[in-house]
Amino acid sequence: MTSLPVVPDAGDIDALREAARRIRVEVVRTINTVRVGHMGGSLSEADVLAALYFGAMRIRPDQPHWPERDRFTLSKGHASVGLYATLALRGFFPVEELLTFDQADTRLQGHPDMTRLPGLDMSTGSLGMGISAAVGMALAARLAGSPSRTFTLLGDGECQEGSVWEAAMVASRYRLNRLVAIVDHNKLQQFGWQGTGHEDRLPPEEPGELVSKWSAFGWRVLEIDGHDMAQIADALASATSQTDDRPVAIIANTIKGKGLSFAEGQYLWHVKIPTPAEFAQAMAELGEPVDAEAAR
Amino acid sequence: MTLPMGRAMREVFGETVTALADTDPRVVMLDGDLGTSTRAEIFERAHPERFLQMGIAEQNMLGVAAGMAASGFMPFISTFVAFAVVRPLDQIRVLIAQPKLNVKIIGSYAGLFVGAAGKTHQIVDDISIMRAMPNMVTISPADDVETGQAIRWAAAYDGPVYIRLVRDVTQRLFDDAYAFDVAKSVVVREGTDVTLISTGAETPRVVDAAEILAQTGTSCHVLHVPTLKPLDVAGIVAAANKTGLVVTVEEHSIIGGLGGAVAETLGEHSPTAMKRLGLQDTFGESASNADLLDRFGLSSNRVAEQVTAFLAQRARR
Ligand SMILES: Cc1ncc(C[n+]2csc(CCOP(=O)(O)OP(=O)(O)O)c2C)c(N)n1
């Protein structure tokens, strides 16, 4: 397996795209093998995670506890497979270990468990909490005089939790401009509101609602296409430039199940497991050569 | 000799509340974005206008339920135990339990089996918390038959009720002749050497454990306690006195749960040597169902082993 290049200044957009593709391949492979895991939200977040871990974030995989590292909390902790795939590909642990996901004695618990896996900055899984911890980390960095920046990734459904807005309020009150919250705005939650037919579910928020809410809470808001790597990299560069004293929210417009034509925009793919035919189709669509697949 | 499999409690939940709503216009379902998992989706299909999606916002959901109950409706709550009990606990305390409002909190995914989720979704102390809450009736059914009856009982009762259901299909303990009585525990097997007391979906496994123990000559008296509050004090004391030795077994923390409740009861009314099996002051973790039961000593074999060890230890005294 060839190791993926790291792109500190996010200059090499193609390299970041390849990292995102590899993350998706490992997400699908892992879920297909262990037969559990949240597919839809792990695929929608893949590009943002690639841009963070292979680009924007200052981290040292061989020193996961380096005090001045940038911090990350996966507030939408159910999409753990996406984060595990990212950390593995970035060199925090062997890619083969992904197949232990959710099995007895694994370091890769169903939801991120910081007591088990170095590289996880916070335990999450109950929605609406990871952002509070991120606010705490940003406050701590400021008090300690550390250059560390803090990133957190939320779901758009998760933004229904009141505690998200308690955190947003405190972050802007303390002008935490080294804090970046990214919302994976994939327009679906787990079940949500019924649309016109039973199979059709409405998005968690009305169009534009997230931008106006985060702005109203005193955050600097950037809205981007969360699958356009150049836009993601630019937004992260802007978000970490402290252009003013506000914390930054990036509303990343994404597609749940991104990359698998049969899963995209389908609410049931929140936790669905692929059939053998779907798995083969997924690998083909992700451009993962079948030979390489067989050779593993 | 093991008990047969029944149906999943959550299917029974979706169907039973739907059937109740067919004839009772007060019944509404409030969902915390988990209707696909809790099977509240069955209710949504049948009564879309009374299915109220509250989003991923459990504290608000329990508060809304209180308001609807105060206005004459009978809200049923659909979410996981994890998000039905601990997240909105203050709303439950102040808005539901203190004013004794008619809200039915039906938590799904109780115990260890939460399907690829691990410790964040495994609430080990929901019984301890809810039975300590004044006014809160707390029920932990053993199987699908008892689940349906407990939900119907809850609908007939005016006041807050908490019922905890497990995610996966359970063994069936009761047949259609069974009649759930909220005030009563149930002797499911007569015996003379040791009394096994259990609750929830652990009871069928304890019945299997009693069968295993019978093969090695140990006669177990098995008591199922579906209602943790109000507790059947007389039934527990009688079962304990039958053998003079008690082992409690629960898919839950031994602190404050069934084991705690039985210890409090016997300590006050009929001190009896006992052993509490269950989670020993620890959180859950990711693993297959079989691995989890084995690890936490709750499979039939592991229960039988521990009962044998307890009896040997008592015999040496
Ligand atoms: C407090 C809490 N309530 C409910 C859940 C169950 N749950 C897990 S994922 C999910 C839907 C999340 O939707 P969203 O935030 O939009 O995530 P995504 O679509 O990106 O997967 C729900 C309701 C939870 N984990 N935590």
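Visitor: How many salt bridges does the count come to over all chains?
Guide: The count comes to 37 salt bridges over all chains. A salt bridge here is a side-chain nitrogen of Lys or Arg within 4 Å of a carboxyl oxygen of Asp or Glu.

Visitor: Good. What sort of model is this, and how are things labelled?
Guide: This is a predicted model, where local features need pLDDT of at least 70 and side-chain atom pairs count only at pLDDT 80 or more, while totals for chains, interfaces and linings use all residues. Residues are numbered from 1 along each chain as its sequence is written, chains are lettered from A and ligands numbered from 1 in the order in which they are written, and side-chain values use heavy atoms, with hydrogens and water left out.

Visitor: Which residue forms a salt bridge with A:Glu18?
Guide: A:Arg21 does, with the closest N and O atoms 3.0 Å apart. Both sit in helix H1 (residues 13–34) of chain A, 3 residues apart, so about one helical turn separates them. Helices are DSSP runs of H or I with at least four residues, strands are E runs of at least two, and both are numbered from the N terminus.

Visitor: How exposed is A:Glu18?
Guide: A:Glu18 is partly exposed at 30% relative accessibility, and A:Arg21 is partly exposed at 21%. Buried means under 20% relative accessible area, exposed over 50%, and partly exposed in between (1.4 Å probe, protein chains only).

Visitor: Switching to the interface: how many salt bridges cross between chain B and chain A?
Guide: The rule finds 5 there. One of them pairs A:Asp113 with B:Lys119 at 2.7 Å, N to O. A:Asp113 lies in the loop between H4 and H5 of chain A and B:Lys119 in the loop between strand S4 (104–108) and helix H7 (126–131) of chain B, so the pair joins two chains. A:Asp113 is buried at 3%, whereas B:Lys119 is partly exposed at 29%.

Visitor: Which residues are joined into one network?
Guide: Salt bridges with shared partners join A:Asp105, A:Asp113, A:Arg116, B:Lys119, B:Glu285 and B:Arg295. Within that group, B:Arg295 and A:Asp105 meet at 2.7 Å, N to O.

Visitor: How much area is buried between chain B and chain A?
Guide: About 2400 Å², of which carbon and sulfur atoms give 45%. Buried area is the accessible area (1.4 Å probe) that two parts lose on being put together, summed over both. B:Ile56, B:Arg87 and B:Ala116 supply 26% of the area that chain B buries against chain A, more than any other three residues.

Visitor: How many residues does each chain bring to the contact?
Guide: Chain B brings 29 residues and chain A brings 33, with contact meaning heavy atoms within 4.5 Å.

Visitor: One more: is B:Glu250 buried or exposed?
Guide: B:Glu250 is buried, yet has no salt bridge. The nearest side chain of opposite charge, B:Arg276, is 6.9 Å away (Lys and Arg count as positive, Asp and Glu as negative, with His and the chain ends not counted). B:Glu250 sits in strand S11 (residues 245–253) of chain B, and a polar atom of its side chain lies 2.7 Å from the backbone nitrogen of B:Gly259.

Definitions and conventions:
Polar contact = N/O pair within 3.5 Å; in protein donor to acceptor, adjacent residues only side chain to side chain.
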